[in-house]
Amino acid sequence: MGILEVNRLYKSFGSHEVLKGLDMDVPEHSIFGFVGQNGAGKTTTMKIILGLLKPDSGSVTVCGEKVTYGETRTNRFIGFLPDVPEFYGYMRPLEYLKLCGEITGIEKNRIRSRSEELLELVGLKNEKKRIGGFSRGMKQRLGIAQALLNEPKILICDEPTSALDPVGRKEILDILLAAKGKTTILFSTHILSDVERICDHIAVLHGGRLALCGTLSEIKERHRYNGFVLEFGNEETASMFYDIEELKHPSVNMSRDGNTVTVLTGDRGMGGNFLLDVLSRRRIVPLKFTVLEPTLESLFMEVVR
Amino acid sequence: MNGYAAFLKKEMYEFAKTYRLIIMLALSAVFGIANPLVAKLTPEILESLMTDGIVITIPEPTVYDSWQQFFKNATQMGLIVMVILFSGVMSTELTKGTLINLLTKGLSRAAVILSKYTCMVLVWTASIVLSFGLTYGYTLYLFPGEEASNLLFSVFCLWLFGLFLQAVILLSAVITKTGYGCLLITGAAAAACMIADIIPAAHRYNPVSLAADNMALITGAAEPSSLCYAILVSCMFSVIFVLLSLSVFRKKQL
Amino acid sequence: MDPTRLKEYLPFLIPLIIAQLALGITALVHVLRHPRYRFGNRVMWALVVMLIQFIGPAVYFVFGRGEE
């Protein structure tokens, strides 16, 4: 049983149906990448999880407790970082964290020490400015600090890196990685390289439901099509290999470009061993024999198409 | 109740930090001092303006003139400034999205509404007390030995009308998302009360009487008991509006 | 108004002047330290705040003050 479960969630805005029976299960202590195109419904899903939006039907369970729209009880398990976090501009970072701590009901001394700890973690320790003078990246970092303040079981981040420059993005990802182990992280994005960098689980939202879900390695394994790239010493050998009778099969797709031949086979029985067999029988030694790894991008494109 | 206390503290802090508290208190103090002074000086100013030929006898100013100034300024400038200062009470939080962070921290929506109303009531009370105290002190100094009747009751009515108006502000702020919308609805509500006051029979029940009959109370032209229905109606509607704000805000999609 | 009358009103005038100065100076400091306004410019707001008694600073803080 996951720490966060989403069951058959439906939500439409007017005639536009955003979620069509979304099911999702986030296991504890994972970094869960929630991927989808812009407008796929990532933010909507998160707001429903937080009780800020009312689903048309379906339910959400956080740590075994059901989320009710308009109530905020289940939010005590959750730390939330909105895509563009907004704070009271007249406050200083410590004042803001103090307010958050008081609202959550943390003990006074604890707020102080925890706030300083977190500001250190996000690199705002020596920032005495009012929040009104903060840059985008600084606000994002303060956002993470306030989200982690109550030691949440789940940290939900809505596109934490989209609006930032490469340096700011790397900083945020490093902070999230540092928080791993202490908490479960659900984080939405459309930047696939971010997902590959820190996530262990991934879910792709498309057409109102999950088109793909599992651990990163599992998904890659499941979607491994048998693709191989062979490079030969000269074009002659390459075309010889290209013309082999045994490989003329409907499930085999070959293309040749100069010295290299790319083989894609849909039939599991005609995989790497089969190719190696063929090569040894013909006494051809390729310069290189590479297995094609599916990339997240190719998977994503395949699912979204 | 953690959330309520913490959020109330934040509201007060915000009111002070955005300079609205100092404006409210400074204006209250200034009017408080100026009321008796203007009452005392008006005849002299009029006299100096008069040309030689015309002679109008101007009655010697009394304690009533001072309180007339007080109620005129408090019901006009005082209430208007208050409405303007509080019109952004929800809109800035809703349009900027500053509330989302705190709600996701477990702050209950009811605590937001109640602490915002409490903050408004506290500021209004402080302003009335300050303005009234100053006018009272200086009136004693300028018009010694004269007494006005039902003074505290009359001020209480004005204060209560402020509370009623603030409940209207709160509800319209929750319904509309913009500060202008809030101003518009509050203005419309106030206008509706005033129009209803044209019907003589409605006057007994109309909350607006609480801010209109103050002088009559002081001069003894009206009995305090004549306002008991208006007080009842105002209290009732204030409570209803706050409860409505709670339920509207609870169902609001953020 | 003769000087003796003026003396009689000193208890009023002093607090009023103090209040006006306090409000005006608070506003002026804010105008000079925060160069961004919702509309208008620094010179305009400095004049408004100093010359229009009470209402000037109030208008500035409610309508003219820019985001920090």
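Visitor: Is the crossing of α1(B) and α6(B) left-handed or right-handed?
Guide: Helices (H or I, at least four residues) and strands (E, at least two) are DSSP runs, numbered from the N terminus. A crossing is left-handed if the near helix is turned anticlockwise from the far one by less than a right angle, and right-handed if clockwise. By that rule, the crossing of α1(B) and α6(B) is right-handed.

Visitor: Good start! What kind of model are we looking at?
Guide: Residues are numbered from 1 along each chain as its sequence is written, with chains lettered from A and ligands numbered from 1 in the order in which they are written. Side-chain values use heavy atoms, leaving out hydrogens and water; local features need pLDDT of at least 70, side-chain atom pairs count only at pLDDT 80 or more, and totals for chains, interfaces and linings use all residues, since this is a predicted model.

Visitor: How many helices does chain B have?
Guide: The C-alpha atoms of chain B fill a box of roughly 75 × 40 × 30 Å, taken along the principal axes. Along the sequence the pattern reads α-α-α-α-α-α-α-α-α-α. With zero strands, the secondary structure of chain B comes to ten helices.

Visitor: How is α1(B) oriented relative to α6(B)?
Guide: Axes are lines fitted to C-alpha atoms, for helices over the stretch in contact, and angles run from 0 to 180 degrees between N-to-C directions. Angles under 35 degrees count as roughly parallel, over 145 as roughly antiparallel, 65 to 115 as roughly perpendicular and the rest as oblique. The axes of α1(B) and α6(B) come within 9 Å and cross at roughly 45°. Therefore α1(B) lies relative to α6(B) in the class called oblique.

Visitor: How many charged residues are in the contact of α1(B) with α6(B)?
Guide: Contact means heavy atoms within 4.5 Å, and Ala, Val, Leu, Ile, Met, Phe, Trp, Tyr, Cys and Pro count as nonpolar, Asp, Glu, Lys and Arg as charged, and the others, Gly among them, as polar. On the α1(B) side the residues include F7(B), K10(B), E11(B) and F15(B), and on the α6(B) side they include K116(B), C119(B) and L122(B). Beside eleven nonpolar and three polar residues, the charged ones number three.

Visitor: How do α6(B) and α7(B) run relative to each other?
Guide: Helix α6 (residues 109–142) and helix α7 (residues 151–175) of chain B have axes that come within 10 Å and cross at roughly 150°. That angle is why α6(B) runs relative to α7(B) roughly antiparallel.

Visitor: How many nonpolar residues are in the contact of α6(B) with α7(B)?
Guide: Among the residues that meet are W124(B), I128(B) and F132(B) in α6(B), and W159(B), L163(B) and L170(B) in α7(B). Next to three polar and one charged, the nonpolar residues number 17.

Visitor: How are α2(A) and α4(A) oriented to each other?
Guide: In chain A, the axes of helix α2 (residues 93–104) and helix α4 (residues 136–148) come within 10 Å and cross at roughly 30°. The crossing is right-handed. The two helices α2(A) and α4(A) are therefore roughly parallel.

Visitor: Which helix gives the most to the lining of the largest cavity?
Guide: On a 1 Å grid over the protein atoms alone, a cavity is a set of points where a 1.4 Å probe fits but cannot get out, and lining residues have an atom within 4 Å of a point. Grid points are joined across faces, edges and corners, and a volume is the space filled by probe spheres set on the points. The largest cavity has a volume of about 170 Å³. Six of its lining residues come from the leading contributor, α3(B).

Notes:
On a 1 Å grid over the protein atoms alone, a cavity is a set of points where a 1.4 Å probe fits but cannot get out, and a pocket is an open set with protein on both sides within 12 Å along at least five of seven lines; lining residues have an atom within 4 Å of a point.
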